[in-house]
Structures are given as structure tokens and as C-alpha cells.
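Biologist: I'd like to learn how to read pockets and loop residues in a model like this one. Could you walk me through it?

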Amino acid sequence: MTRPAILAPGKIPAELLDELLPGTERLPAEIRVGPRVGEDACALDVESGTLIAATDPITMTGTAVGAHAVWINANDIAVMGARPRWFLATVLLPTGTTEAELRALFAGLVGALERTGAVLVGGHTEVTAAVSQPLVAGQMLGWIERDAWVRTGGLEPGDVVVQ
């Protein structure tokens with residue numbers, strides 16, 4: 001029986017990360033710079049309208065953190081009436097994390113993105129002793145026509161939210 005490949009502390013190896021990131025042929029045309037090894041930011045062409053943004057870290061579970069990061073951040077966009085479109089993820093992994101565990105995390109993240117209709121456009125991945133379980137901090141961006149969004153801060157009992 002072979003031992004699982006344990007990832008070294010620091011940045012994820014470029015070859016492995018390049019394999020896990022979606023290819024540029026799968027990205028919508030508005031993404032001018034997307035997730036690539038060596039890129040620290042994305043560039044998006046946005047139609048006139050309103051950009052809606054949300055961010056949440058997933059810290060209460062070590063299970064399916066990639067998928068949870070997508071769903072929770074997509075929900076924050078959707079309740080304002082916008083369509084989740086672009087996702088950035090900071091993935092911090094504890095020392096001792098295996099390559100298989102990283103692959104599973106990305107499979108859950110990418111699968112959840114496919115179900116929401118959003119795409120990964122950037123982020124950061126790292127193995128660090130600063131965390132004791134996988135942590136994904138996600139940022140979801142959505143777009144909606146100008147003045148068509150809904151403020152959620154003033155909801156009261158009895159209000160109805162449709163997603």
C-alpha cells in the first residue's frame with residue numbers, strides 16, 4: 001500500500017494547481033484574466049449594471065469546505081436578486097494535508113460552482129501551520145441590472161424571500 005502524497009508547507013506546487021484550475025476554454029468571455037498559476041487577481045468585463053459582492057469564510061466544518069464556501073456566498077448574492085457569477089477562493093490547508101484531500105476539496109468547490117452557474121476566477125492556495133483544519137474563505141460576485149437588486153438588511157418577520 002502506498003502512502004498518500006502529503007503536501008509541503010507553503011504554496012501548492014504550480015503543476016498541481018495548474019491541473020486543478022479550470023481551463024480558460026471553460027470560462028465565459030467576460031473573464032479577461034482568470035485563475036492561473038502566477039496570477040494574483042482577476043480581470044472581468046462587466047456590463048453596465050450593479051456588481052453585488054459577498055465574502056464568508058467556512059470555519060465551522062472541515063467537511064466539504066469548498067462546496068460550503070460556494071453555496072453560502074452564492075446565497076448571499078442570490079437573496080439580493082443577483083445571479084452569482086464569479087468566485088474567488090482562499091484555500092488554507094493544515095500541514096499534513098494530502099494531495100487526495102486537496103483534490104476532493106477542489107472537486108466539491110468546482111461541482112458547487114457548476115450547479116450555481118458561477119465560475120472560479122481567482123484566489124490563493126497554501127499549506128500552513130496557521131490552521132488546524134481546511135479553511136476556505138470565499139468571495140462571490142454577482143451582477144444585476146442597475147436598481148433591480150433588493151436590500152436584505154431591512155427584512156422583517158413575514159417578509160418573503162424568493163431565490
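Modeller: Happy to. The largest pocket holds about 290 Å³ of space. Keep in mind that this is a predicted model.

Biologist: How many residues line the largest pocket, and which lie nearest its centre?

Modeller: To read a pocket, start with its lining. Here 19 residues line the largest pocket, and L17, R36, G123, H124 and T125 lie nearest its centre. Helix 1 (14-20), strand 5 and strand 6 (119-127) are the elements that give two or more residues to this lining.

Biologist: Which element gives the most to the lining of the largest pocket?

Modeller: That is strand 6, with five residues.

Biologist: And how do the lining residues of the largest pocket divide into nonpolar, polar and charged?

Modeller: The next step is to sort the lining by class. For the largest pocket you get ten nonpolar, five polar and four charged residues.

Biologist: What volume does the second largest pocket have?

Modeller: Its volume is about 170 Å³. The second largest pocket is lined by 14 residues, with G62, A64, E101, L105 and P134 nearest its centre. Helix 2 (65-78) and helix 3 each supply at least two residues of that lining, and helix 3 gives the most, with five. By class, the lining of the second largest pocket has eight nonpolar, five polar and one charged residues.

Biologist: Is T98 buried or exposed?

Modeller: The cut-off for buried is under 20% relative accessible area. T98 has 10% relative accessibility, so it counts as buried. Leaving out residues up to four places away in sequence, T98 touches P4, A5, I6 and L7.

Biologist: Now V46, please. Where does V46 lie?

Modeller: V46 is in the loop between strand 3 (43-44) and strand 4 (50-58). With 40% relative accessibility, V46 counts as partly exposed, because that label covers values between the 20% cut-off for buried and the 50% cut-off for exposed.

Biologist: Which residues does V46 touch, not counting those up to four places away in sequence?

Modeller: V46 touches W86 and W143 on that count.

Notes: Residues numbered from 1 in each chain as written. Predicted model: local features only at pLDDT ≥ 70, side-chain atom pairs only at ≥ 80, totals over all residues. Heavy atoms only, no water. Helix = DSSP H or I, 4+ residues; strand = E, 2+ residues; numbered from the N terminus. Buried < 20%, exposed > 50% of the residue type's maximum accessible area, 1.4 Å probe, protein only. Contact = heavy atoms within 4.5 Å. 1 Å grid on protein atoms, 1.4 Å probe; cavity = no way out; pocket = protein on both sides within 12 Å on 5 of 7 lines; lining within 4 Å. Points joined across faces, edges and corners; volume = space filled by probe spheres on them. Nonpolar A, V, L, I, M, F, W, Y, C, P; charged D, E, K, R; others polar.
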